[in-house]
Amino acid sequence: MENEYFKSERLLYRPYMLDDLETVYRFFNEPARRKWFYFQEPDCLTREFALNQIKENMENWNKRVSVLNGGGLAMVLKETGELIGSVSVGRSTRPDVHLDGLEMGYFVTEAHQGKGYATEGAKAALEWVINRCREIDSYPIIECHVEHEHLASRKVAEKVGFVFNRSYKYLTVYIFETSKYKT
């Protein structure tokens, strides 16, 4: 499936599809994901939850919602078409995110962790967002909220240009200033 979003060296990014249900359901139940998304349990462990997440994502993209307004994209291996994770950058509904800002998230399945896919996906998403920001002449701050102990995820944020901003409760907050990329 050709997409109008973005690509990177090894990955394609696309909206989720109903055909992704079993894969997404399996992802939600992986111990590596559950360790960091414990606050969603037990809801996120059901097929219904996975299906609702996919439908919400599809609805957003069908309405032509941009990444700036929200919506995750599936990370798919170019070589095989295998869905291996997700990346999102969009307006957050969380009360602790900068009011005029965006929030980034990324996830890679257990079998594909440690291969640089999260870094590749986060970098590609940031480049895409920066280009969209230039088009609309708006340069928001992007926040990335990472569990203090999730060292791999913290490294990804730092590798792609996020800088430490603050810590609270159990989270470290990194920020990425898109204004540094004005042309």
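I count two residues as in contact when heavy atoms of theirs lie within 4.5 Å. The model is a predicted one.

**Entry 1: contacts of one residue.** I asked which residues Phe-162 is in contact with, leaving aside its neighbours within four places in sequence. I found Met-104, Leu-126, Ile-142, Glu-143, Cys-144, Ala-157, Tyr-174, Ile-175 and Phe-176.

**Entry 2: nonpolar cores.** I then looked up the largest nonpolar core, which has 34 residues. Phe-162 is listed with Met-104, Tyr-106 and Ile-142 as having the most contacts inside this core. I noted that at least two residues of the core are supplied by each of strand 1, strand 2, strand 3, strand 4, helix 4, strand 5, helix 5 (151-159) and strand 7 (171-177). Which element gives the largest share of this core? I found that helix 4 does, with 10 residues. I also recorded another core, lying apart from this one and made of 12 residues, including Phe-27, Phe-28, Ile-54 and Val-76.

**Entry 3: helix 4.** I checked the span of helix 4, which covers residues 117-136. Its 20 residues reach 29 Å from the first C-alpha to the last, close to the 28 Å expected at 1.5 Å a residue. Just after the helix, I noted a positive phi of about 50° at Asp-137.

Entry 4: I traced an open sheet of 7 strands, with mixed pairing and the order 1-2-3-4-5-7-6. I identified strand 1 (11-14) and strand 6 (163-168) as the edge strands, each of which pairs on one side only. From one strand to the next, the twist averages 25°. Helix 1 (residues 21-28) packs on the sheet and touches strand 3 (83-91) and strand 4, its direction making about 80° with that of strand 3.

**Entry 5: pairing of the strands.** I asked how many bridges join strand 2 (residues 72-77) and strand 3. I found 5 bridges in the antiparallel sense, with Leu-73 opposite Val-87. These two strands form a hairpin with 5 residues between them, and Gly-81 in the turn has a positive phi of about 80°. Strand 3 also pairs with strand 4 in the antiparallel sense, over 7 bridges; here I noted Ser-86 opposite Phe-107.

Note on methods:
Residues are numbered from 1 along each chain as its sequence is written. This is a predicted model: local features need pLDDT of at least 70, side-chain atom pairs count only at pLDDT 80 or more; totals for chains, interfaces and linings use all residues. Side-chain values use heavy atoms; hydrogens and water are left out. Two strands pair if DSSP finds at least two bridges between them. Helices (H or I, at least four residues) and strands (E, at least two) are DSSP runs, numbered from the N terminus. Axes are lines fitted to C-alpha atoms, for helices over the stretch in contact, and angles run from 0 to 180 degrees between N-to-C directions. The expected span of a helix is 1.5 Å times one less than its number of residues. A nonpolar core is a set of buried Ala, Val, Leu, Ile, Met, Phe, Trp, Tyr and Cys residues joined through side-chain atoms within 4.5 Å. Buried means under 20% relative accessible area, exposed over 50%, partly exposed in between (1.4 Å probe, protein chains only).
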